[in-house]
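The exercises below are to be worked with the sequence and the coordinates at hand. Each one sets a task and then goes through a solution step by step.

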Amino acid sequence: MLNTDSPQAVLLVEAARRWVGTPYRHQHRTRGHAVDCVGLVIGAGLDAGVLPTWSEQAWAPHSAYGRAPNPEHMGRAIRQFLNPIDLDPRATAPDGSVAFMGWREHLPMHLAIMATAADGRRTMIHAYAHIGRVVEHGFDGPWPERVVSWWSYPGI
């Protein structure tokens with residue numbers, strides 16, 4: 001199970017927050033320039049040093065994903081680089097965990113990093129195409145119902 005009290009989980013959330021405001025652009029992963037939801041999970045994980053399973057070579061088979069990602073293809077990539085959390089999708093996972101979320105037709109094809117705001121509210125950090133940038137906002141409304149599964153970085 002994910003240890004949210006770990007220094008690594010704190011570093012990951014801090015790293016993800018540094019991406020907030022980065023413009024959304026499909027298949028990018030450069031902080032401050034452009035990123036998509038996959039790129040944010042990779043970039044924040046690398047920035048925090050909690051994604052030791054990732055390399056350009058290991059990523060190559062997954063790199064040609066489409067603008068509307070194939071959930072099966074995305075699922076294979078997630079299984080290769082992250083660890084499943086044995087937690088009901090309706091439960092709220094700890095800070096630093098990754099939500100694999102249903103999107104179009106409720107198919108899983110979006111990723112977000114969980115956090116907690118200073119006031120104690122649960123939040124999510126993600127590259128949100130509709131808004132056009134990486135945002136952190138409340139994990140409420142329709143968002144919890146979109147979670148299909150929870151994942152953790154290998155370094156946490």
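**Exercise 1. An aromatic pair**

Are Trp59 and Phe81 buried or exposed? Decide this, and then describe how their rings are arranged.

*Solution.* This is a predicted model, in which local features need pLDDT of at least 70 and side-chain atom pairs count only at pLDDT 80 or more, whereas totals for chains, interfaces and linings use all residues. Residues are numbered from 1 along each chain as its sequence is written, and side-chain values use heavy atoms, with hydrogens and water left out.

Step 1: Trp59 is buried, and Phe81 is buried as well, where buried means under 20% relative accessible area, exposed over 50% and partly exposed in between, with a 1.4 Å probe and protein chains only.

Step 2: the structure holds four aromatic pairs (rings of Phe, Tyr and Trp, the last by its six-membered ring, with centres within 6.5 Å; planes under 30 degrees apart are stacked, over 60 edge-to-face, the rest tilted). One of them joins Trp59 and Phe81, which form a tilted pair at 5.9 Å centre to centre with 50 degrees between the planes.

Step 3: Trp59 belongs to helix H3 (residues 56-59) and Phe81 to helix H4, so the pair ties together parts that are 22 residues apart in sequence. Helices (H or I, at least four residues) and strands (E, at least two) are DSSP runs, numbered from the N terminus.

Step 4: ring pairs also bring in Tyr65, linking Trp59, Tyr65 and Phe81 into a cluster.

**Exercise 2. Helix H2**

Determine the span of H2 and how much of this helix is covered.

*Solution.* Step 1: H2 comprises residues 37-48, twelve in number, and reaches 17 Å from its first C-alpha to its last, close to the expected 16 Å; the expected span is 1.5 Å times one less than the number of residues.

Step 1: ten of the twelve residues of H2 are buried, among them Cys37, Val38, Leu40 and Ile42.

Step 2: at the start of H2, a side-chain oxygen of Asp36 comes to within 3.3 Å of the backbone nitrogen of Val38. After H2 comes Gly49, with a positive phi near 70 degrees.

**Exercise 3. The cavity**

Find how many cavities of 30 Å³ or more the structure holds, and characterise the lining of the largest cavity.

*Solution.* Step 1: there is one cavity of 30 Å³ or more, a cavity being a set of points on a 1 Å grid over the protein atoms alone where a 1.4 Å probe fits but cannot get out. The volume of the largest cavity is about 180 Å³.

Step 1: 17 residues line the largest cavity, and the closest to its centre are Val38, Trp59, Ala77, Ile78 and Leu111; lining residues have an atom within 4 Å of a point.

Step 2: H4 (71-81) and H2 each supply at least two lining residues, and H4 gives the most, with five.

Step 3: the lining divides into 14 nonpolar residues, three polar and no charged.

**Exercise 4. Strand S6**

Step 1: Tyr128 lies in strand S6 (residues 122-128) and Trp143 in helix H5 (residues 143-146), so the pair ties together parts that are 15 residues apart in sequence. Both Tyr128 and Trp143 are buried.

Conventions. A polar contact is a pair of N or O atoms within 3.5 Å; within protein, one must be able to donate a hydrogen and the other to accept it, and residues adjacent in sequence count only if both atoms are side-chain atoms. On a 1 Å grid over the protein atoms alone, a cavity is a set of points where a 1.4 Å probe fits but cannot get out, and a pocket is an open set with protein on both sides within 12 Å along at least five of seven lines; lining residues have an atom within 4 Å of a point. Grid points are joined across faces, edges and corners, and a volume is the space filled by probe spheres set on the points. Ala, Val, Leu, Ile, Met, Phe, Trp, Tyr, Cys and Pro count as nonpolar, Asp, Glu, Lys and Arg as charged, and the others, Gly among them, as polar.
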